[in-house]
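Have a look at the model first, then read on.

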Amino acid sequence: MSASVAADVRAWLAANWDPSLSLSAWRSLLVDSGWACPTWPVEWFGRGLPASAADVVSAELRAVGAVGPPSGSGLGLAAPTILEHGSSSLKSLLLRPIVTGEHTWCQLFSEPGSGSDLAGLTTRAELDGDEWVVSGQKVWTTSAHHAAYGMLLARTDWSVPKHRGITYFALPMAQDGVEVRPLRQMNGHASFNEVFLTEARVPASHVVGSAGSGWAVALTTLAHERRLNLSLRGSRSAGDGVDDSGRVAREAALETAAQYEPYRWYPQRAGRADLVVSRARSLGAVSGVAAGPVVRDGVAGLVALSRAAEWTAARAAAARALGRPPGAEGSLGKLSASEIARSSARLHSSLAGPWGMLSGADDGTGGVVAEVLVSVPAVSIAGGTDEIQHNILGERLLGLPREPSVDHDVPFHDVMRNRSAR
């Protein structure tokens with residue numbers, strides 16, 4: 001199978017790859033051929049191939065320096081959710097512009113009072129003819145300032161328990177009822193936004209799944225999000241390995257730069273474990289100077305954790321190649337990432353001492369250590385807190401009883417919540 005797929009891709013590229021095309025023209029050819037997303041159904045711009053074919057196709061694209069489909073939350077989160085739960089009309093409307101890169105997406109899930117308890121969200125949507133009218137506030141939204149659509153969760157029924165009254169929408173972002181404001185972080189970056197919805201309008205046809213079934217739809221997105229977050233640092237972007245002599249490459253490079261700008265600090269959020277060994281050696285800690293035995297023990301533990309995380313990621317990749325849906329590996333990997341980040345931060349702090357508080361040119365690492373120390377706390381929160389991941393693993397993998405809840409079966413309008421939400 002792999003050999004025949006590779007041969008087919010090679011033949012198609014020989015006849016069609018042209019680095020002088022515009023990025024839009026090239027992506028149109030690619031999506032119409034089915035090679036942009038070969039594992040998607042044939043009727044939805046794919047070729048119906050097994051999951052293992054994706055890596056084969058990517059390798060052939062890189063071999064000739066061709067640009068692939070865009071990465072990011074549109075292709076990584078919205079598209080698989082729409083494929084699984086969306087109506088035929090919604091798939092026809094939304095999938096192709098995602099793959100060509102014409103439409104970017106953002107995720108409108110978390111709220112100021114509903115982060116880890118996502119099902120407690122209070123953004124409301126009310127049906128008005130053939131449109132839903134949405135009002136509320138979302139927070140920690142990456143790329144909302146330039147997204148064409150938002151993956152929106154809103155409450156459409158307050159008379160049922162909280163998990164059953166939620167609806168999942170594809171929200172058009174370019175409208176007067178949507179206001180986006182940047183959030184400044186303590187590490188100096190402004191990667192996230194808060195989004196204010198004031199009678200924003202969503203066509204009734206833009207419901208993903210059905211009204212009230214949004215929680216099940218959201219679980220699909222969240223499963224893919226954990227996988228996307230874990231692969232973000234090591235993933236190839238659309239411009240990696242591309243023949244940089246043509247127009248396609250130039251336009252792909254600009255797209256990639258804009259897309260990854262919010263994530264510039266993510267290596268620091270992950271703790272920069274890759275720098276720990278070299279810094280320890282350069283400071284003489286591993287060779288026995290400056291509390292060497294303690295540092296050596298910490299470095300050895302960090303290396304072991306990192307190797308175990310790599311093996312978990314490889315196991316998850318193997319499962320995807322076999323066509324299995326995202327599973328517990330996402331939660332395991334995210335917990336590992338949190339522990340690696342914290343261990344790395346502790347070691348960087350021990351090695352740098354008070355110098356680690358310096359930023360910019362005053363520090364020998366260009367301020368990397370200081371940025372690590374103020375960025376690492378985010379990795380245990382974003383994409384589902386460590387506590388949430390423990391619950392997921394306990395309940396779904398180990399079969400433990402569900403965590404006690406006082407509002408699980410209570411109509412949401414009777415649930416105690418903050419005054420502004422009422």
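**Aromatic pairs and what surrounds them**

Searching the whole structure turns up eleven aromatic pairs; rings of Phe, Tyr and Trp (its six-membered ring) pair if their centres lie within 6.5 Å, with planes under 30 degrees apart counting as stacked, over 60 as edge-to-face and the rest as tilted. Bear in mind that this is a predicted model, where local features need pLDDT of at least 70 and side-chain atom pairs count only at pLDDT 80 or more, while totals for chains, interfaces and linings use all residues. Residues are numbered from 1 along each chain as its sequence is written, and side-chain values use heavy atoms, with hydrogens and water left out.

**Ring pairs**

- One of the pairs is W132 with F169, edge-to-face at 5.6 Å centre to centre and 65° between the planes.
- W132 belongs to strand β3 (residues 131-142) and F169 to strand β5 (residues 166-172), so this pair ties together parts that are 37 residues apart in sequence. Helices (H or I, at least four residues) and strands (E, at least two) are DSSP runs, numbered from the N terminus.
- W132 is buried at a relative accessible area of 10%, and F169 is buried too, at 0%. Buried means under 20% relative accessible area, exposed over 50% and partly exposed in between (1.4 Å probe, protein chains only).
- W140 and F192 are also edge-to-face, because their ring centres are 5.9 Å apart and their planes sit at 90°.
- W140 is exposed, with 53% relative accessible area, whereas F192 is buried at 12%.
- W140 and F192 belong to one aromatic cluster with Y260, Y263, W265 and Y266.

**Charge over rings**

- R155 puts its charged end over the ring of W158, 5.9 Å from the centre. The cut-off here is NZ of Lys or CZ of Arg within 6 Å of the ring centre and within 35 degrees of the ring normal.
- R155 also lies over the face of F412, at 3.6 Å from the ring centre.

- Helix α11 (residues 329-352) and helix α12 (residues 368-375) have axes that come within 10 Å and cross at roughly 140°. Axes are lines fitted to C-alpha atoms, for helices over the stretch in contact, and angles run from 0 to 180 degrees between N-to-C directions.
- That angle makes α11 oblique to α12; angles under 35 degrees count as roughly parallel, over 145 as roughly antiparallel, 65 to 115 as roughly perpendicular and the rest as oblique.
- On the α11 side, A345, H348, S349 and A352 meet V369, V372 and L373 of α12, where contact means heavy atoms within 4.5 Å.
- Helix α2 (residues 23-33) and helix α7 (residues 247-260) cross at roughly 95°, their axes coming within 8 Å, which makes α2 roughly perpendicular to α7.
- L23, S24, W26 and R27 of α2 make that contact with V248, E251, A252 and E255 of α7.

**Two single residues**

- Q107 sits in strand β1 (residues 105-108) and is buried, with 16% relative accessible area.
- Not counting residues up to four places away in sequence, Q107 touches L77, T141, M151, T221, L222 and E225.
- E339, in helix α11, is partly exposed at 28% relative accessibility.
- Leaving aside neighbours within four places in sequence, E339 is in contact with L305 and R346.
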